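Q: Hey, I'm new to this one. Can you walk me through a few parts of it?

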Amino acid sequence: MGGTGAPEWVIREDAGQPVLVALYLRQVLGIRSPDELPHLRGIPPRVNDRSDDAQALLERQWREYWAMTVEPTAHPSPVPLDLVDGFQTLVALPTTGSETLIAAITPHAAEAVEFARHAHERYRSDAAAKPGVSYRAYAGAIAEHERRVGRRAHSFELNVQVLPLSQRGVWWIGSLTIAVTDGLRGDVAAFDTAIHPIIAELA
């Protein structure tokens with residue numbers, strides 16, 4: 001998204017089904033991390049009844065799965081990955097070292113996939129109803145940043161996951177990835193204000 005020889009910025013926006021599945025599983029398993037990220041709307045969080053050691057093991061395996069799901073190229077698995085039964089192509093976990101997580105998530109496969117499919121379709125429908133709005137939101141923020149700093153924006157990449165979270169806001173969930181609440185993303189003025197610090201940090 002820039003002219004020849006000019007700095008390039010690439011922003012990918014989605015409501016990725018693998019990310020939605022991971023967050024659904026986080027909630028129904030009672031995983032706390034990432035602590036700052038709110039829960040999904042309408043999914044009651046589990047009351048944790050595991051021992052501290054069992055919970056710690058599950059949380060560690062889930063954090064590894066989360067990192068690989070959000071930014072797979074930045075977090076490659078040291079061992080081969082295998083698809084988990086019931087999740088179609090949406091969950092792939094290391095063939096060793098994920099046994100506890102696999103056992104915990106398998107009973108929730110059908111509900112997790114259905115939730116992710118519905119949330120993704122809702123995002124696609126909203127985006128299709130307002131063609132061009134996504135590009136203009138980011139282009140406007142970058143142009144404003146360039147005016148403020150008096151130079152062209154540096155080249156950068158940003159991944160944006162638009163998610164049905166219970167609180168409005170923007171959160172870093174990877175080195176190049178943010179989560180934004182769907183309600184905030186749909187509020188042009190509020191999203192413009194919220195995305196400015198992100199653009200300033202990258203550009």
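Predicted model: local features only at pLDDT ≥ 70, side-chain atom pairs only at ≥ 80, totals over all residues.

Q: Is His 145 buried or exposed?

A: His 145 is buried, with a relative accessible area of 7%. Buried means under 20% relative accessible area, exposed means over 50%, and partly exposed is in between (1.4 Å probe, protein chains only).

Q: And what is His 145 in contact with?

A: Leaving aside neighbours within four places in sequence, His 145 is in contact with Arg 151, Ile 199, Ala 200 and Ala 203. Contact means heavy atoms within 4.5 Å.

Q: OK, switching to α1. How many of its residues are buried?

A: 11 of the 13 residues of α1 are buried, so this helix is largely enclosed by the rest of the structure. Among them are Val 19, Tyr 24, Arg 26 and Gln 27.

Q: What do they pack against?

A: The buried residues of α1 pack against α2, α3, α4 and β4.

Q: What about the span of α1?

A: α1 reaches 18 Å from its first C-alpha to its last, close to the 18 Å expected at 1.5 Å a residue. The expected span is 1.5 Å times one less than the number of residues. Just after α1, Gly 30 takes a positive phi of about 75°.

Q: At what angle do α1 and α2 pack?

A: About 165°, with the axes of α1 and helix α2 (residues 52–70) 10 Å apart. That makes α1 roughly antiparallel to α2. Axes here are lines fitted to C-alpha atoms, for helices over the stretch in contact, and angles run from 0 to 180 degrees between N-to-C directions. Under 35 degrees counts as roughly parallel, over 145 as roughly antiparallel, 65 to 115 as roughly perpendicular, and the rest as oblique.

Q: Which residues of α2 make that contact?

A: On the α2 side they are Leu 58, Trp 62, Tyr 65, Trp 66 and Thr 69. The α1 side includes Pro 18, Val 19 and Leu 29.

Q: And how do α1 and α4 pack?

A: α1 and α4 pack at an angle of about 130°, with their axes 8 Å apart. They are therefore oblique to each other. Residues making the contact include Leu 20 and Tyr 24 of α1 and Phe 115 and His 120 of α4.

Q: Tell me more about α4. Which of its residues are buried?

A: The buried residues of α4 (residues 109–129) are Ala 109, Ala 112, Val 113, Phe 115, Ala 116, Ala 119, His 120 and Tyr 123. They cover an arc of only 160° around the axis, which puts them on the same side of α4; the arc is that of the directions from the helix axis to the C-beta atoms.

Q: What covers them?

A: The cover includes β1 (9–14), α1 (17–29), α3 (99–105) and β4 (156–163). The face of α4 turned away from its buried side carries the exposed residues Ala 110, Ala 128 and Ala 129.

Q: Last one: where is Asp 82?

A: Asp 82 is in strand β2 (residues 81–83). At 48% relative accessibility, Asp 82 counts as partly exposed.

Notes. Residues numbered from 1 in each chain as written. Heavy atoms only, no water. Helix = DSSP H or I, 4+ residues; strand = E, 2+ residues; numbered from the N terminus.
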